[in-house]
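Let's take a walk through this one together, a stretch of chain at a time. Have the sequence and the 3D view open side by side.

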Amino acid sequence: MVQFPKKAIIIDGKGKWLIPGLIDAHVHLPTDGYFGQKLPTQIPDLSFDMQDIMTPIIANGVTTVLDLNSTMETFGQKKAIEKGYIVGPRIALAANINGDKGQGKIANTAEEGRIMVRIAKAEGYDFIKLYSKLNIETYNAIIDEAHKQGLKTIGHIPNAFEGKLEQAFVPHFGMVAHAEEFSKHSENFSIEDAQKFAKLSKDNGTYLSPTLTTMVWIANQTNSIDSIKNSPTLKYVHPLLQSKWLTANNYNKNFTVKNLSYLEEMVKFHFLLVKVFKDAGVPIIAGTDAGVSGVVAGFSLHDELELLVQAGLTPQEALNSATLLSAQWLGIDKQIGSIETGKYADLILLDKNPITDIKNTRKIAGVFVNGNWIDKNKLNFMLADLAKRNIENKDKFDWKTMMSKRK
Amino acid sequence: MKNILILVILTFSTFLAFGQNIKDIQIKRQKAFAIKNVNVITMNATRTFIENATVVISDNIIQSINGTIPKKSYHY
């Protein structure tokens with residue numbers, strides 16, 4: 001017999017639909033910024049309000065995220081949420097390992113790769129992210145060591161595999177983080193290439209997180225910066241990042257008719273990849289790459305679900321890609337991912353049925369997150385307050401001025 | 001002793017700073033909830049759909065689906 005406290009709140013769910021909280025398996029959470037020299041005793045040049053970062057995420061019913069380039073500050077964010085100081089999603093942390101002089105932990109030999117994995121394990125990371133500049137021997141060693149350490153791998157297919165893509169599909173390579181990782185290995189974006197890629201993934205047990213929305217945004221802003229300027233979700237982004245996206249936009253700077261045409265063809269190919277991978281039985285996971293210019297955390301997951309359906313998933317399959325299937329890959333399906341007795345109450349109450357139309361995941365009546373019930377009015381209040389402050393502070397943040405502090 | 005006092009003050013002030021947004025908007029952080037008459041898309045392995053269900057949550061855990069609503073509950 002379950003024992004309850006004396007008082008319980010009753011929520012009228014008549015005519016409404018309850019779904020599990022959504023999982024975005026590819027985000028980049030902003031952390032404090034150092035634009036000048038970073039010294040041990042120096043405070044950051046810019047500190048984000050953590051609640052402001054998390055509000056758009058939870059307001060969209062995203063109750064779990066996988067951060068794919070976590071730092072020690074991301075550990076702090078996770079802890080603050082767990083302790084209830086901030087209302088935010090569960091955060092799974094991935095250590096980014098790259099080669100050459102890239103971002104994250106650097107490894108240029110097999111031994112360095114294994115050491116970085118063991119360091120990441122000791123630091124408390126949950127996953128390993130593989131990045132583009134790894135050489136082949138280091139990439140193989142990282143995946144092997146990660147498996148030995150009980151860490152799954154997700155990431156890019158390094159540039160070193162150009163012309164020999166099949167060699168990247170080694171045992172325990174967990175998930176490809178973008179459809180682009182395949183499209184860059186296709187000269188003509190043909191269905192034969194899509195089928196070849198799907199077979200490689202299927203045979204190796206490697207999942208795909210296509211991040212369709214990212215490439216749509218990249219193509220749109222390459223074409224015109226107005227796509228970002230007019231985005232209804234821009235106001236929920238910190239003013240400094242707004243400034244970066246609008247005034248230092250490398251995608252837009254690289255505009256040529258040829259480049260835009262290539263990107264538009266790539267977007268179409270990514271839709272084809274989703275359909276072909278689905279037909280081949282490759283599990284597809286919803287992720288957004290939120291943090292890339294234009295891609296706003298929380299809102300973007302609903303964009304991704306719509307795009308997945310446009311690409312050929314049923315609404316239920318799309319929902320599965322952001323709930324149970326994602327929880328299974330993350331290894332937390334005993335705790336979250338479906339509505340079952342004994343699981344955490346990560347829940348979204350919807351005004352309309354998402355199985356009849358995936359767009360209905362946006363019609364949120366309330367969210368249960370981390371033990372909090374937040375209804376539509378309060379979610380709207382939080383978003384409106386965030387937008388108001390971002391608009392008021394717009395002139396205080398200029399990306400180029402901040403960057404001028406760099407030596 | 002002085003260091004401990006400073007640590008306590010810092011911890012408390014950090015807590016207040018973090019907690020302010022939550023307090024301002026009065027999010028319901030209650031021990032128990034019951035969602036009545038709701039259509040549940042469970043997304044479980046067999047894709048069970050439950051019409052007109054009551055979902056009871058206690059201490060952030062789903063305690064029952066179509067179980068008994070706790071006594072002395074109040075409507076939100």
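In which sense do strand 3 and strand 4 of chain A pair, and over how many bridges? Strand 3 (residues 22–27) and strand 4 (residues 62–67) run in the parallel sense, with 4 bridges between them. Helices (H or I, at least four residues) and strands (E, at least two) are DSSP runs, numbered from the N terminus, and two strands pair if DSSP finds at least two bridges between them.

Before going further, some ground rules. This is a predicted model, in which local features need pLDDT of at least 70 and side-chain atom pairs count only at pLDDT 80 or more, while totals for chains, interfaces and linings use all residues. Residues are numbered from 1 along each chain as its sequence is written, chains are lettered from A and ligands numbered from 1 in the order in which they are written, and side-chain values use heavy atoms, with hydrogens and water left out.

Back to strand 3 of chain A. In strand 4, Thr64(A) is the bridge partner of Ile23(A). To get from strand 3 to strand 4 the chain passes through helix 1 (residues 50–59), and this β-α-β crossover is right-handed; that is, with the strands pointing away from the viewer, the path from the first strand over the helix to the second runs clockwise. Strand 3 of chain A is largely enclosed by the rest of the structure, because 6 of its 6 residues are buried. Buried here means under 20% relative accessible area, with exposed over 50% and partly exposed in between (1.4 Å probe, protein chains only).

Ser326(A), from helix 14 (residues 324–330) of chain A, gives another view of that region. Leaving out neighbours within four places in sequence, Ser326(A) is in contact (heavy atoms within 4.5 Å) with Ile23(A), Ala25(A), Ile285(A), Asn320(A) and Ser321(A). Its relative accessible area is 1%, so Ser326(A) counts as buried.

Now move along to strand 7 (residues 127–130) of chain A. What sits on either side of this strand? Strand 5 (residues 90–98) pairs with strand 7 in the parallel sense over 4 bridges, and Asn96(A) stands opposite Lys129(A). Strand 8 (residues 152–155) also pairs with strand 7 in the parallel sense over 4 bridges, with Phe127(A) opposite Lys152(A). Between strand 7 and strand 8 the chain crosses through helix 4 (residues 136–148), in a β-α-β crossover that is right-handed. As for the side chains of strand 7, Phe127(A) and Lys129(A) point one way, Ile128(A) and Leu130(A) the other way, and all are buried.

At its start, a side-chain oxygen of Asn135(A) comes to within 3.4 Å of the backbone nitrogen of Glu137(A), and just after the helix Gly150(A) takes a positive phi of about 75°. Buried in helix 4 are Thr138(A), Tyr139(A), Ala141(A), Ile142(A), Ile143(A), Glu145(A) and Ala146(A). An α-helix has 3.6 residues a turn, so residues three or four places apart point the same way. The buried residues of helix 4 pack against strand 5, helix 3 (110–123), strand 7 and strand 8 of chain A.

Take Thr138(A), which is buried with a relative accessible area of 0%. A polar atom of the Thr138(A) side chain lies 3.3 Å from the backbone nitrogen of Thr109(A). Not counting residues up to four places away in sequence, Thr138(A) touches Ala107(A), Asn108(A), Thr109(A), Ala110(A) and Gly113(A).

Further along, Pro239(A) belongs to helix 9 (residues 239–247) of chain A and counts as buried at 3% relative accessibility. Beyond residues up to four places away in sequence, Pro239(A) touches Asn390(A), Asn393(A), Lys394(A) and Phe397(A). Asn390(A) is itself one of the buried residues of helix 15. Helix 15 (residues 376–392) should span 24 Å with its 17 residues at 1.5 Å a residue, and its end C-alpha atoms are 24 Å apart, which agrees.

Finally, chain B has 1 helix and 4 strands, in the order α-β-β-β-β along the sequence. Buried residues make up 32% of its 76 residues.

Note on methods. Polar contact = N/O pair within 3.5 Å; in protein donor to acceptor, adjacent residues only side chain to side chain. Expected span 1.5 Å × (residues − 1).
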